[in-house]
Amino acid sequence: MAVLILKIYIGFVVFVMAVYFTRHFIFSMNRIYGEQRFYYQDIFDSDLPFLSVLIPMHNEEKVASHILDALTNADYPKDRLELIPIDDHSSDGTWRILDEYAARYPFIKPLHRTTGDRGKQNALNDAIRVTAGEIILVFDADYLPPRCVLRDLAVCFNDPEVGAAMGRVVPVNTSQNLLTRILDLERSGGYQVDQQARHNLRLVAQYGGTVGGFRKKLLHACGGFDPKIITEDTELTFKLYVNGWKVAYANRVECYEEVPENWVTRSRQIRRWARGHTQVMFRYFIPVIRSKFLSAREKIDGILLLSVYAVPAILFLGIADSVALFFLGEINLLTGVLPIILTVTCNTFGNFAPFYQIGIASFLDGSRQRILLLPFLVFNFLFSLWYTTQGFLDAVFDIISTRRVIWHKTKRFRRSTT
Amino acid sequence: MPRQHNESQSGIAKELVYYHRSYRKIPVPEKRHLIPFLCLIIIIEVLLYLFSPDLNYLVNRYTQKILVRSVPFENVNMIWTEFLWRSITVLNVPGSYPAMWFTMINLIVALLIVFIIPQTKTPKPITVALTLMSLIHLVSALFFLFVPDRFPYQVIDFSTTYVVMVMVTWFLIPVVYGFILYPLPSSVFSKIFMIVFTLTFSSAFNIFRYSIFLYLINVHSFIFMAILFFCFGFLLDMIFIVGFYSFYLSLLSGKLQHDMDVWQWLY
């Protein structure tokens, strides 16, 4: 009986991997051949709304002035703009930098949080209460927005169907080491192909919590960000979709970010993402299926997107299952399903975006040398398998124990303070 | 004269300024190319079906030659078996059960790696890879510590599984490459060359891997069978499949970057 259960589980793993293999293959083909769905900046270029730009910051003195300089330099009319950098319990010189900028620019209105729980979702909830704009844009503190990014993101809200917008994230510190180069590949696969294909196919494009924005009234209607969920971006994505709103993805709206430069920081980041995303999966799995606003294919894609951080945990258990079957004398079974296992293994080579998807993304991006790093994704695959599984288990324990969730900020590596 | 100057400037600008990468794509390959490409893949698969037993025999012969340097010749036997209705050869060598002290050493080493490596400054991906491998080896060591007599395999079972895995990989290479190379705007010849080259590399690589696997099991016992099967099997094949693909794609990307006939921009 036990062996039968183990065999059935292997079948389940193969099925899950095959589903994701198909999904990513469709995305890759759509992106490289399919008709590309435009973003809005060619269609609308005036009638700009009043924008409130939120920048959550916790001990960000290394990067605070960079993003504020970039945003004050934006080509958005300043009479329709307010920048609200949120000093979230900082213990370094962040508050001083914010106050200096506030003194120089009247549209910069810092919010200093010294009470209440720390964390991005809490900071955003507090800041939204003091915003004047109906459209809220959010940037993480390590981002370096180009001049046009506010205008480009804002125009999509002229479409009454759009609840949120998301731009493309591009690493700025790619050349630092192998990790940053691998993360650059991963981002490329994730945005150039994955997000754009989902946008093309009218599936569930994801709001990523930065280089993006949303309508304030929608967030209010949904009750704001849940302090217990540490990936407020995924939560908002699904809140919007199940209530009939869409996320517009803007591949053309690129913004630089700083990716982790060491594996320890990356492990914490990916574990946090996996934990938060899985929290959202537990909460929105049923609502996505039951939503009357989603089409069948949106529901399927929504479920697959929700479950994406569960896949490494499923695969991890599958490996343990295979080892058990091996010692139980079932090597013939492993040989029998070998062709299927091997084929779908292709999908796992490259974390969540398989290697061919990342290859196509880099090819479309016009890269040459970084494509040569594709085989190194094997490190990322094992690494992600390990830490994403831990994040998944964290989320499971969050549910079981109802323990308090603490938000951990990603370490910054910016060298220059100029 | 100013007009000429402007034209010249315009010419330079056209030479240097390219459209943005955001929405560019490539033309769908013409359907008339699909059938010949599919036919070529099928021909390769048929050829593989016909000649893979011979190729496998060749691999086994060379493996045997390498093995006899460290294993007595009479102990390295070539055995015939069936796979996909064809007779194929596999190598058999005497296997051995690990001694208790050897199992204990393996157990301790695996435990040390699992618990100590994460505390060191070893890069995390290496730590994770070593930890995963050590966990599998730990299970193996525990198995041979407590129930060695229930180990269900002989070397011939492992060897047969290995050879089948290699042959399945050979059959998969044209299929996987067919899927991922067909969409790319390059010649059919170069794609077929990639497939043939990868198959050739795989054959050569397997001589060395098979030799090492059988040597380890022969000399150092069955305790290594699990780790070899799970960690150094198809995962290594995937690395070189992806490696060759990345090399091909990189060359193609460099070649096509400024070819305005290849790219289509909608933005």
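Of the 267 residues in chain B of this predicted model, 33% are buried. A residue counts as buried here if 20 or more other C-beta atoms lie within 10 Å of its own. Chain B has eight helices and two strands, and from the N terminus on these elements follow the order α-α-β-β-α-α-α-α-α-α. The radius of gyration of chain B is 26 Å, well over the 18 Å that the globule rule gives for 267 residues, so chain B is more spread out than a compact globule. Along its principal axes, the C-alpha trace of chain B spans about 95 × 50 × 30 Å. Among the contacts in chain B between residues at least 6 apart in sequence, 77% join residues at least 24 apart.

The domain assignment divides chain B into domain 1, made of 36-96 and 153-267, and domain 2, made of 98-150. The C-alpha centres of domain 1 of chain B and domain 2 of chain B are 28 Å apart. Where these domains touch, seven residues of domain 1 of chain B are in contact with 11 residues of domain 2 of chain B. The domain 1 side of this contact has six nonpolar residues, one polar residue and no charged residues.

Chain A has 15 helices and seven strands. Its radius of gyration is 22 Å, close to the 22 Å that the globule rule gives for 418 residues, so chain A is as compact as a globular protein of that length. The C-alpha atoms of chain A fill a box of roughly 75 × 45 × 45 Å along the principal axes. Buried residues make up 53% of the 418 residues in chain A. Of the contacts in chain A with a separation of 6 or more, 84% are between residues 24 or more positions apart.

The strands of chain A can be followed through an open sheet of seven strands with mixed pairing, in the order S3-S2-S1-S4-S6-S5-S7. Its edge strands are S3 (111-113) and S7 (246-257) of chain A, each of which pairs on one side only. From one strand to the next, the twist averages 20°. Within this sheet, strand S1 (residues 51-57) of chain A and strand S2 (residues 81-88) of chain A run parallel and are joined by seven bridges. One position in this pairing is A:Met57, whose bridge partner in S2(A) is A:Asp87.

After H8(A) comes A:Gly244, which has a positive phi, near 95°.

The remaining topic is the contact between the two chains. Chain B contributes 47 residues to this contact and chain A contributes 42 residues. On the side of chain B that touches chain A, the elements giving two or more residues are helix H4 (124-146), helix H5 (155-181), helix H7 (225-231) and helix H8 (234-256) of chain B. The largest share of that side, 12 residues, comes from H8(B). By class, the residues on the side of chain B that touches chain A are 32 nonpolar, 10 polar and five charged.

Notes:
Residues numbered from 1 in each chain as written. Chains lettered and ligands numbered in written order. Predicted model: local features only at pLDDT ≥ 70, side-chain atom pairs only at ≥ 80, totals over all residues. Helix = DSSP H or I, 4+ residues; strand = E, 2+ residues; numbered from the N terminus. Nonpolar A, V, L, I, M, F, W, Y, C, P; charged D, E, K, R; others polar. Domains from an automatic or database assignment. Pairing = 2+ DSSP bridges. Axes fitted to C-alpha atoms, helices over the stretch in contact; angles between N-to-C directions. Rg over C-alpha atoms; globule rule 2.2 N^0.38 Å. Buried ≥ 20, exposed ≤ 12 C-beta atoms within 10 Å, placed from the backbone.
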